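Subject: Structure handover

Hello,

Here is the structure you are taking over. My notes on what was found in it follow below.

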Amino acid sequence: MPPAPASTPHKPLPRLSRQRGWLRWLPGLQTLRDYRLAWLPKDIAAGLVLTTMLVPVGIAYAEASGVPGIYGLYATIVPLLAYALFGPSRILVLGPDSALAALILAVVLPLSGGDPMRAVTLASMMAVVAGLTCLIAGLLRLGFITELLSKPIRYGYMNGIALSVLISQTPKLFGFSIDSQGSLSDIQAIVSALSEGQVHLYSLLVGVGTLTLILLLSRFRQLPGILIAVTLATLAVALFDLDSQGVQVLGELPQGLPSFTLPCLSGVDLASVVLGGIAVALVAFADTSVLSRTYAARTGHPVDPNQELVALGAANLAGGLFQGFPISSSASRTPVAEAAGAKTQIAGVVGALSVALLLVVAPNLMQYLPTSALAAVVIAAVIGLFVITDLHRIFRVQQWEFWLSMACFAGVVTFGVIPGIGIAVVLAVIEFLWDGWRPYYTVLGQVEGIRGYHGIKRHPDARQIPGLLLFRWDAPLFFANAELFQQCLLQALESAPAPVRRVVIAAEPVTSIDVTSADMLGELERMLAEAGIELHFAEVKGPLKDKLRRFGLLHDGQARHLQPTVGAAVDAYLNDHGGEAMPGHARHAD
């Protein structure tokens with residue numbers, strides 16, 4: 001005998017739950033147990049690259065949230081460490097986020113009275129509330145909400161996020177600033193600034209050079225291209241004194257590390273703080289769940305949405321107790337970590353420790369880092385965030401889902417990230433309801449040479465058994481489609497080639513009914529009985545059968561109205577009323 005061929009190694013199926021008991025709430029420990037030493041250089045390099053974004057972005061979003069910039073770094077360090085322990089995603093990066101800045105500012109600004117330390121305490125209180133909200137929701141296993149978002153909707157959301165981030169970074173790349181008022185207004189402002197010649201040449205050269213170098217080095221995955229490009233940009237500014245020529249740089253950083261502080265203020269509107277914290281939690285989870293599921297699909301490591309809630313809650317709670325403010329996932333820093341080769345949350349730990357180390361021993365090390373180079377890093381990262389190829393496939397196979405994705409994309413770009421989340425959820429619910437609201441239905445008949453019973457829509461030459469109407473409805477029956485079901489069935493009766501004596505509903509696809517649809521069936525049964533037509537069912541599943549009995553649609557004497565298969569229902573009709581069917585009838589197919 002010839003030797004058996006060597007077996008091809010197969011990729012193992014993803015394990016959705018690898019731990020039981022309390023350890024399942026600490027995915028970071030499992031990651032450490034399974035950690036490969038070969039990943040460490042990549043995680044360290046990715047963490048160092050990530051640091052170049054964590055510092056300026058953290059400071060900028062702190063100022064936008066109404067607190068001093070240093071607290072943006074505190075809100076970066078502690079949550080990253082907490083998420084590394086509790087977070088289910090191997091690649092997600094948490095930290096201060098632009099989507100939350102407006103919500104935080106709306107609470108902090110009126111209640112702080114211009115006192116920066118009071119503003120910090122208020123923001124920390126909001127983080128604690130947001131953290132507790134997410135923790136409770138996660139423990140109650142409310143993460144199923146994320147399952148409302150289909151792949152096309154996630155694509156539309158992420159493409160909208162990517163374009164919004166790209167637009168926001170373009171002014172920095174060209175060396176000027178605008179007052180951001182939404183993506184569409186920002187595009188107009190950018191075009192106006194370019195036409196007026198507001199471009200700063202040195203900033204543009206540094207930014208474009210950094211972007212070009214990053215894209216060129218991205219072909220060589222073994223090289224930390226982003227770190228190399230940012231380092232060279234920083235050295236160029238320092239050596240050629242470009243900051244004195246108008247190139248905007250990061251500047252000196254304040255020094256100090258966060259300390260444990262229980263945020264508490266007297267004489268404040270606690271209702272505003274609590275409601276603000278809950279609002280922040282909702283937005284942060286909606287944003288994080290989309291980003292987490294997107295990267296889970298890309299990396300092949302599924303995440304538990306309930307654990308994602310717990311991790312987000314732990315990160316916010318820890319941040320609030322260490323002088324931070326509410327945080328979320330980052331659509332700009334996560335792709336940076338991915339592009340830099342991050343394998344696990346060790347990259348986030350390295351980033352957090354690097355930021356802490358900078359604050360302790362070298363707060364001025366990054367003072368010459370040009371903002372146009374930072375913009376180039378973000379732009380290079382979000383380029384990889386766009387989904388084009390798979391959308392082309394979706395357009396080819398199911399155009400209405402493609403346009404659903406486009407609608408979500410337009411919502412994010414037009415109205416902003418926060419309304420875009422709401423639009424995505426609404427579109428997801430509409431998508432779900434539409435399939436059940438206007439489902440496929442057909443009358444079944446026999447086709448010459450093919451066993452079983454098949455839809456006459458697909459087989460117009462199918463032969464119907466005289467006096468018998470086999471009707472299939474491919475969806476649950478509920479309030480939104482109950483009237484349509486009745487109308488379609490009555491139309492099928494009118495179109496029948498011969499007077500109908502019995503209607504058999506092929507109910508295998510009907511998984512459930514509600515009160516409205518049950519009342520409709522009762523009315524339909526009476527209507528048919530008055531016309532001398534019997535109503536029977538075939539292939540009714542056990543749970544549906546129980547509901548039919550509970551709703552009074554199936555009495556003890558009506559057991560004969562149920563048949564296990566369509567073929568059995570046909571046999572029962574032929575036995576009761578005579579006639580014949582084609583040989584070889586069996587259960588229906590299409």
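**Nonpolar cores**

The largest nonpolar core has 97 residues, and those touching the most other members are Val55, Val67, Ile104 and Val336. Please keep in mind that this is a predicted model. Ile104, leaving aside neighbours within four places in sequence, is in contact with Ser65, Ala123, Met126, Val280, Phe325 and Pro326. Another core lies apart from the largest one; this other core has 34 residues, including Leu469, Ala475, Phe485 and Leu493.

**Helix packing around α2**

Helix α2 (residues 40-64) packs against two helices described here, α3 and α13.

With helix α3 (residues 70-86), the axes come within 7 Å and cross at roughly 120 degrees. An angle over 145 degrees would count as roughly antiparallel and one of 65 to 115 as roughly perpendicular, so α2 and α3 are oblique to each other. The crossing of α2 past α3 is right-handed. On the α2 side the contact is made by Leu54, Val55, Gly58, Ile59 and Ala62, and on the α3 side by Tyr71, Gly72, Leu73, Thr76 and Leu80.

With helix α13 (residues 346-361), the axes of the pair are 7 Å apart and the angle is about 50 degrees. These two helices, α2 and α13, are therefore oblique to each other as well. Here too α2 makes a right-handed crossing. The residues of α2 that meet α13 are Leu40, Asp43, Ile44, Ala46, Gly47, Leu48, Leu50, Thr51, Leu54 and Val55. Their partners in α13 are Ile346, Ala347, Gly348, Val350, Gly351, Ser354, Val355 and Leu358.

**Salt bridges**

Side chains of opposite charge can pair when their charged atoms come close. A search of the whole structure finds six salt bridges. Notes on some of them follow.

- Arg33 and Asp34 meet through their side chains at 3.9 Å, N to O. Arg33 is exposed, with a relative accessible area of 59%, while Asp34 counts as partly exposed at 26%.
- Arg393 and Asp390 form a salt bridge at 2.6 Å, N to O. Both are in helix α15 (residues 389-397), and because they are three residues apart there, about one helical turn separates them. Arg393 is partly exposed at 35% relative accessibility, whereas Asp390 is buried at 18%.
- Glu534 and Arg502 form a salt bridge at 2.6 Å, N to O. Glu534 lies in strand β7 (residues 534-538) and Arg502 in strand β6 (residues 502-506), so this pair ties together parts that are 32 residues apart in sequence. Glu534 counts as partly exposed at 28% relative accessibility; Arg502 counts as buried at 1%.

**His561**

One further residue to look at is His561, in the loop between α20 (542-550) and β8 (562-563). Its relative accessibility is 17%, and buried means under 20%, so His561 counts as buried. Not counting residues up to four places away in sequence, His561 touches Leu535, His536 and Phe537.

Regards

Technical notes
Residues are numbered from 1 along each chain as its sequence is written. This is a predicted model: local features need pLDDT of at least 70, side-chain atom pairs count only at pLDDT 80 or more; totals for chains, interfaces and linings use all residues. Side-chain values use heavy atoms; hydrogens and water are left out. Helices (H or I, at least four residues) and strands (E, at least two) are DSSP runs, numbered from the N terminus. Buried means under 20% relative accessible area, exposed over 50%, partly exposed in between (1.4 Å probe, protein chains only). Contact means heavy atoms within 4.5 Å. A nonpolar core is a set of buried Ala, Val, Leu, Ile, Met, Phe, Trp, Tyr and Cys residues joined through side-chain atoms within 4.5 Å. A salt bridge is a side-chain nitrogen of Lys or Arg within 4 Å of a carboxyl oxygen of Asp or Glu. Axes are lines fitted to C-alpha atoms, for helices over the stretch in contact, and angles run from 0 to 180 degrees between N-to-C directions. Angles under 35 degrees count as roughly parallel, over 145 as roughly antiparallel, 65 to 115 as roughly perpendicular and the rest as oblique. A crossing is left-handed if the near helix is turned anticlockwise from the far one by less than a right angle, and right-handed if clockwise.
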